[in-house]
Amino acid sequence: MTFHTLGDRQNPAVLLIHGMMCTGKDCEPYGKCLSDRYFVIMPTLDGHGNDGTDLLALEDEVNKLVGFLKENGITSLALVQGSSMGAEIALAVIKKLIDEKIPFKRAFFDGGPFFHFSPLFRAFMKKKFESLGKIFDTDDHDAAYSAMINHPFFRFIAKDKAEQYEPIIRSMAQERRHYSKKTIKNMVRICYKCDLPVFSEETQKKLIFFFSDVEPARKSRKRLMKAYPAAEYRDIEGYSHCGYQSVFPKEYAEMLEKAINEL
């Protein structure tokens, strides 16, 4: 795992956790908009960069993220934000912060697929994501972009709004990336075998779950509402999975800052 940061370390800290097959750099468009008022931490999860690591387990990622905070003297967080798979990691980070008595003000989960599916379904999804991962194992950036934007599974996720993903896919395609079979397997495990920690009502009130009205991940909302009835649930129309942050990063950052200041 590697870490990229922006802003003054003396400012309140925010942790932005990227989604599957992205990197911390892909959080920069909205992270930069926060960096004049916050210390912005943008990790690149194991198996997602070119540091020779594999993604092994949710617990490993959480321990490394919280370990970074401790090693750098960060004693509280203004915000924990996660996108897609990163939202599920962010939820586990919240549990760890509580266990370690590290206070946080707000948590924002964008498009998290908080499902708990069968091994058979996870095996099916592993094949799908293996085919996506191979797209980026090339030095031809334009070919990688074209292959991704036209991939049938990606277009299912994007619905009719694939163009909203152009900035982030072009960013993903800027350097050759290899996703090992071990990494893909554990990506799918994190995404589709999600256990929901038990939180107090006080903690639940700090949580915001954010979905597009048409994205497949929104189907996990019913499960979330049963587990966290005191949390806040927000929908947005006109965007696909995590599409708002990609198209309007400045406005997205403003929404995150407003969420921090609401409590």
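Ile135 is buried, at 12% relative accessibility. The cut-off for that label is under 20% relative accessible area. The value comes from a predicted model. Ile135 belongs to helix α4, which spans residues 119–135. Beyond its neighbours within four places in sequence, Ile135 contacts Ala144, Ala147, Met148 and His151. Ser146 is eleven residues from Ile135 in sequence. In space, the C-alpha atoms of Ile135 and Ser146 are 9.4 Å apart.

Thr44 was examined next. This residue is part of strand β3, residues 39–44. Thr44 has a relative accessible area of 11% and is therefore buried. Its side chain reaches the backbone nitrogen of Gly24 at 2.9 Å. Gly24 is also among the residues that Thr44 touches when those up to four places away in sequence are not counted.

Helix packing was considered for two pairs. Two packed helices are described by the angle between their axes and by the distance between those axes. Angles from 65 to 115 degrees count as roughly perpendicular. The crossing of α2 past α3 is right-handed. On the α2 side, the contact involves Leu58, Val62, Asn63, Leu65, Val66 and Leu69. On the α3 side, the residues are Glu88, Ile89, Ala92, Val93, Lys96 and Leu97. By class, this contact of α2 with α3 comprises nine nonpolar residues, one polar residue and two charged residues.

Helix α3 also packs with helix α8, residues 181–192. The axes of α3 and α8 come within 9 Å and cross at roughly 65°. These two helices are therefore roughly perpendicular to each other. The crossing of α3 and α8 is left-handed. Met85, Glu88 and Ile89 of α3 meet Met187, Ile190 and Cys191 of α8. By class, the contact of α3 with α8 has five nonpolar residues, no polar residues and one charged residue.

The handedness is right-handed for α2 with α3 and left-handed for α3 with α8.

How values were computed:
Residues are numbered from 1 along each chain as its sequence is written. This is a predicted model: local features need pLDDT of at least 70, side-chain atom pairs count only at pLDDT 80 or more; totals for chains, interfaces and linings use all residues. Side-chain values use heavy atoms; hydrogens and water are left out. A crossing is left-handed if the near helix is turned anticlockwise from the far one by less than a right angle, and right-handed if clockwise. Helices (H or I, at least four residues) and strands (E, at least two) are DSSP runs, numbered from the N terminus. Contact means heavy atoms within 4.5 Å. Ala, Val, Leu, Ile, Met, Phe, Trp, Tyr, Cys and Pro count as nonpolar, Asp, Glu, Lys and Arg as charged, and the others, Gly among them, as polar. Buried means under 20% relative accessible area, exposed over 50%, partly exposed in between (1.4 Å probe, protein chains only). A polar contact is a pair of N or O atoms within 3.5 Å; within protein, one must be able to donate a hydrogen and the other to accept it, and residues adjacent in sequence count only if both atoms are side-chain atoms. Axes are lines fitted to C-alpha atoms, for helices over the stretch in contact, and angles run from 0 to 180 degrees between N-to-C directions. Angles under 35 degrees count as roughly parallel, over 145 as roughly antiparallel, 65 to 115 as roughly perpendicular and the rest as oblique.
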